[in-house]
Amino acid sequence: MNINESPSFLNPEVPVVPVEHPDFKKAGVALDLLRLDRVHPLISGNKWFKLKYALEAIQRSECQRILSFGGAWSNHIHALAFAGKERGIETIAVIRGERPSSLSDTLVDAQNWGMSLEFVSREQYRNKNDEPFLQQLRIKYGDFHLLPEGGSGEWVIAGCREILSLCDVSDYDVVCCACGTGGTLAGLVAGKPEWLRILGVPALKGGGFLYQDIRRLLQQSGVEDPGGWELDLDGHEGGYAKVTPELAESMRGFFESTGIELEPVYTGKAFLALQRKVTQGKLTRGCRVLLIHTGGMQGLRGMRETLSKKLMQSRESS
Ligand SMILES: *Cc1c(COP(=O)(O)O)cnc(C)c1O
């Protein structure tokens, strides 16, 4: 099948692979990886699920134009640009920060797929949902559907609650996933059986506000919070997109055990958070954990240099 001709393409066999890692083996904790990085070559990871129903709703509507927000390396913007092109929906992205002299690889792709880019100052970006600002954009581009940052709008739970149906959840006690806006986690919580525990690892510092955001997303979708989920607020490594030597080392160890690459902004941090819990004895022997690889490998293009520098620092200090 040619994926470029099939908007509904989803890899029918999203792999679940066992992670044979010495720290987990020693602690008697079984770890599997759900490889959402393999759902689609370009609409990567959790973004495929986040966009699914939002784009379907737009295709059924009068207006075939969508506007969203993100940074220069945003996985959301990248996925949206391709998905929009595939479905014949016009895409516009408001990008945080002034237009640089050369665009990031992410934005080059997005532009090549027909996305219009609007660069705004960081201050304007903070006020991106103000009506006068949006009105200006409507005058410039015409009417559009608005998709919140990260794609966590009204359809996010409908899409992300389908993630756990890709595997047999009865094989697990805990499911772990990195959080940005918390939309994906809200979907996992909505779709989980009662006994399953969900652990979210916020990629940003001070992610405690996500408790409220996740509850609000559940409420908006009419889902009663079943409980059994929590956030690890210590897994951010200093802040969004920050890399520490320990994180670089942990990702390297993961790669050596599995041959599978992670990226440091999201899944790398989620894995490190689990690894810490395991080495600190915070996960009981016999516990079965599923880590969700939420994809976003395109963003790694902007991080490789930082990663190898941090890995060197880690090796020098040990
Ligand atoms: C966007 C993204 C997340 C965060 O998803 P939220 O639904 O915003 O919490 C996690 N991992 C990757 C790779 C992402 O691109």
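## The largest pocket

In this predicted model, 49 residues line the largest pocket. Nearest its centre lie Glu149, Gly150, Gly180, Thr181 and Tyr266. The volume of the largest pocket is about 1100 Å³.

Several elements give two or more residues to this lining. Among the helices they are helix 2, helix 3 (75–87), helix 8 and helix 9 (210–220). The strands are strand 3 (65–70) and strand 7 (174–179). Helix 9 provides the largest share of the lining, five residues. Sorted by class, the lining of the largest pocket holds 22 polar, 18 nonpolar and nine charged residues.

## The ligand and its shell

The ligand takes up the space of the largest pocket. Around the ligand stand 13 residues. Lys47, Lys50, Thr181, Thr184 and Thr294 are the closest of them.

Two helices each supply at least two residues of the shell: helix 2 (46–60) and helix 8 (183–191). The largest share of the shell, three residues, comes from helix 2. For the pocket lining, the largest share comes from helix 9. By class, the shell has nine polar, two nonpolar and two charged residues.

## Polar contacts and cover

In Lys47, a side-chain N or O atom is 2.7 Å from a ligand oxygen. In Lys50, the corresponding distance to a ligand oxygen is 2.6 Å.

How much of the ligand's accessible area does the protein cover? On its own, the ligand has 390 Å² of accessible area, and the protein covers 98% of it.

How values were computed
Residues numbered from 1 in each chain as written. Predicted model: local features only at pLDDT ≥ 70, side-chain atom pairs only at ≥ 80, totals over all residues. Heavy atoms only, no water. Near = heavy atom within 4 Å. Polar contact = N/O pair within 3.5 Å; in protein donor to acceptor, adjacent residues only side chain to side chain. Areas by Shrake-Rupley, 256 points an atom, 1.4 Å probe, with all protein chains shown as cover. 1 Å grid on protein atoms, 1.4 Å probe; cavity = no way out; pocket = protein on both sides within 12 Å on 5 of 7 lines; lining within 4 Å. Sits in = over half its atoms within 2 Å of the grid points. Helix = DSSP H or I, 4+ residues; strand = E, 2+ residues; numbered from the N terminus. Nonpolar A, V, L, I, M, F, W, Y, C, P; charged D, E, K, R; others polar. Points joined across faces, edges and corners; volume = space filled by probe spheres on them.
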